[in-house]
Amino acid sequence: MKKEVLLPDIGNFKDVDVIEILVSIGQQVQRDSGLIVLESDKATMEVPSPDSGIVTNIAVKVGDKVSQGALLLIIDVATAENLQAPQKIVTTNENTAIKTATKREQTAAIDLLESNKSINKIQNTTPSIIYASPSIRRLARELGVDLNLVRGSGNKGRITHDDVRNYVKNALTIHTEKSPRSDSFATKIPELPLIDYSAFGEIHSRPLSRIQRISGANLYRNAITIPHVTQFDDADITDLEAFRNNLNLKQQNTVDTPKLTLLPFIMKAVVAVLKRYPEFNSSLDNHGENLILKNYFNIGIAVDTNQGLVVPVIKSVDRKGIQELASELTIISEKARSRKLTPDDMQGGCFSISNLGGVGGSYFTPIINAPEVAILGVSRAVMKPIWQDNAFIPRLMLPLSLSYDHRVIDGASGARFITYLVELLQDIRKLLF
Ligand code: CAO
């Protein structure tokens with residue numbers, strides 16, 4: 001008897017992503033075994049099979065969005081004898097998972113997948129059903145672990161987080177031992193010890209948002225693969241602020257002419273500096289042997305959203321005026337916060353700016369947004385006593401933090417870049433030259 005499997009009530013979620021199909025057509029499934037995995041911004045959910053039977057049709061694919069009542073698949077509800085030999089529950093997306101794992105984990109995971117494939121071929125084993133919760137499946141996916149090969153130490157062979165972690169730990173040990181450079185620091189990233197935080201007090205766990213997970217993997221990659229140097233300086237923006245406030249007083253705030261913040265002025269000044277020092281407007285090629293220099297000036301702007309950090313790109317900043325940039329900034333940050341950015345909004349960046357001035361704090365060390373080679377951190381401007389003409393005078397000083405890729409840019413160039421930027425911000429009229 002054919003039976004449609006519809007998405008049951010999953011709470012207040014709508015249009016939830018299908019991130020994994022755990023079964024294939026013709027596969028036998030048992031009641032309560034996982035069929036598909038859904039992921040909202042807040043959680044990963046596994047939809048269990050309402051009956052035992054054979055999958056005859058799969059109505060969704062990875063990437064689809066589904067809501068309550070959506071047809072997921074059709075099962076031919078089978079008799080008990082048909083289900084004597086449980087089939088393997090296929091863990092899909094191994095390669096996607098590898099992409100999000102760390103470099104060291106990736107290499108180990110790729111080795112593991114290769115060896116797993118040959119083990120399965122040689123031994124022709126019949127894998128058994130996997131008992132693992134959605135969070136464990138997600139962890140396994142992120143680390144590229146095939147759960148068929150993990151021995152569950154929990155109740156009735158259920159796989160625990162520790163089982164997955166121990167499996168990866170063993171794989172890494174084997175991988176490190178195999179590596180000819182196993183004695184070098186480059187291959188050793190010390191692991192964090194596994195800590196039971198609940199032993200010290202009450203805790204609760206909250207999953208990272210999708211944006212945090214994606215940007216986290218990129219930030220980690222950029223932090224460990226790029227030799228960063230961060231150069232600090234202060235720009236005297238007293239006159240620039242007077243000019244900006246004056247402009248704001250004279251204009252009506254509309255969508256086309258929003259209030260001017262400091263950022264568009266900084267963007268224009270940065271472009272002028274990039275033109276003078278073109279190696280900052282470049283990317284290393286994939287072999288790390290050539291610099292690709294760009295004749296366009298697209299600036300990524302870090303935007304803080306309640307889902308995490310995103311960096312939309314404002315294109316052709318060199319060809320736009322302050323007002324136009326202010327308007328684009330307003331639009332793009334609004335799009336970022338309402339999660340409407342398109343892939344086009346996010347690509348083609350040459351150099352990024354992260355302005356935390358609206359929030360507070362002084363200098364910080366921004367992480368380069370690869371394949372770009374530099375990023376400017378801007379902090380909150382503060383009044384400081386500055387020694388000038390034999391006296392201390394109050395000036396509004398803007399803290400700047402320039403991180404650059406030391407493979408491409410040397411220390412002297414870093415200092416020249418920030419010095420010229422300070423000079424331009426101090427006297428914005430110099431942008432005319
Ligand atoms: N010093 C002093 N004041 C500053 C300033 C600075 N460096 N930068 C902004 N301000 C002021 C603005 O002028 C504005 O003041 P008024 O309302 O009095 O005019 C106020 O702070 C708010 O500005 P804003 O932050 O809304 O606007 P912005 O154009 O400066 O920045 C945006 C826009 C989208 C970049 C910003 O809202 C944002 O999201 N910043 C966070 C970026 C971030 O998270 N970086 C960290 C990345 S690493 O995790």
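Guide: Let us start with Lys320, which touches Lys268, Lys315, Leu325 and Glu328 when residues up to four places away in sequence are not counted, where contact means heavy atoms within 4.5 Å. The model is predicted, so local features need pLDDT of at least 70 and side-chain atom pairs count only at pLDDT 80 or more, whereas totals for chains, interfaces and linings use all residues. Residues are numbered from 1 along each chain as its sequence is written, and side-chain values use heavy atoms, with hydrogens and water left out.

Lys320 lies in the loop between strand 15 (313-314) and helix 8; helices (H or I, at least four residues) and strands (E, at least two) are DSSP runs numbered from the N terminus. Lys320 counts as buried because its relative accessibility is 14%, and buried means under 20% relative accessible area, with exposed over 50% and partly exposed in between (1.4 Å probe, protein chains only). The side chains of Lys320 and Glu328 are joined by a polar contact of 2.8 Å, a term for a pair of N or O atoms within 3.5 Å; within protein, one atom must be able to donate a hydrogen and the other to accept it, and residues adjacent in sequence count only if both atoms are side-chain atoms.

Lys294 is buried yet has no salt bridge, and the nearest side chain of opposite charge, that of Glu372, is 6.6 Å away. Here a salt bridge is a side-chain nitrogen of Lys or Arg within 4 Å of a carboxyl oxygen of Asp or Glu, while Lys and Arg count as positive, Asp and Glu as negative, and His and the chain ends are not counted. The side chain of Lys294 does make a polar contact of 2.7 Å with the side chain of Ser283. Apart from neighbours within four places in sequence, Lys294 is in contact with Asn281, Ser282, Ser283, Gly349 and Cys350.

Next comes the ligand: of the 22 residues around the ligand, Lys259, Thr261, Arg337, Ser354 and Ser379 come nearest, a residue being near when one of its heavy atoms lies within 4 Å. A polar side-chain atom of Arg337 lies 2.8 Å from an oxygen atom of the ligand, and a backbone N or O atom of Ala381 lies 2.9 Å from a nitrogen atom of the ligand. The protein covers 70% of the 960 Å² of accessible area that the ligand has on its own, an area found by the Shrake-Rupley method with a 1.4 Å probe; for residues, only the protein chains shown count as cover. Strand 13 (303-305), helix 8 (322-337) and strand 16 (351-355) are the elements that give two or more residues to the shell around the ligand.

Elsewhere in the chain, helix 3 (residues 134-143) is mostly covered, with 7 of its 10 residues buried. Just after helix 3, Gly144 takes a positive phi of about 70°, and Gly144 is placed in the loop between helix 3 and helix 4 (161-178).

As for the whole, the protein chain has 10 helices and 19 strands, and buried residues make up 41% of its 433 residues.
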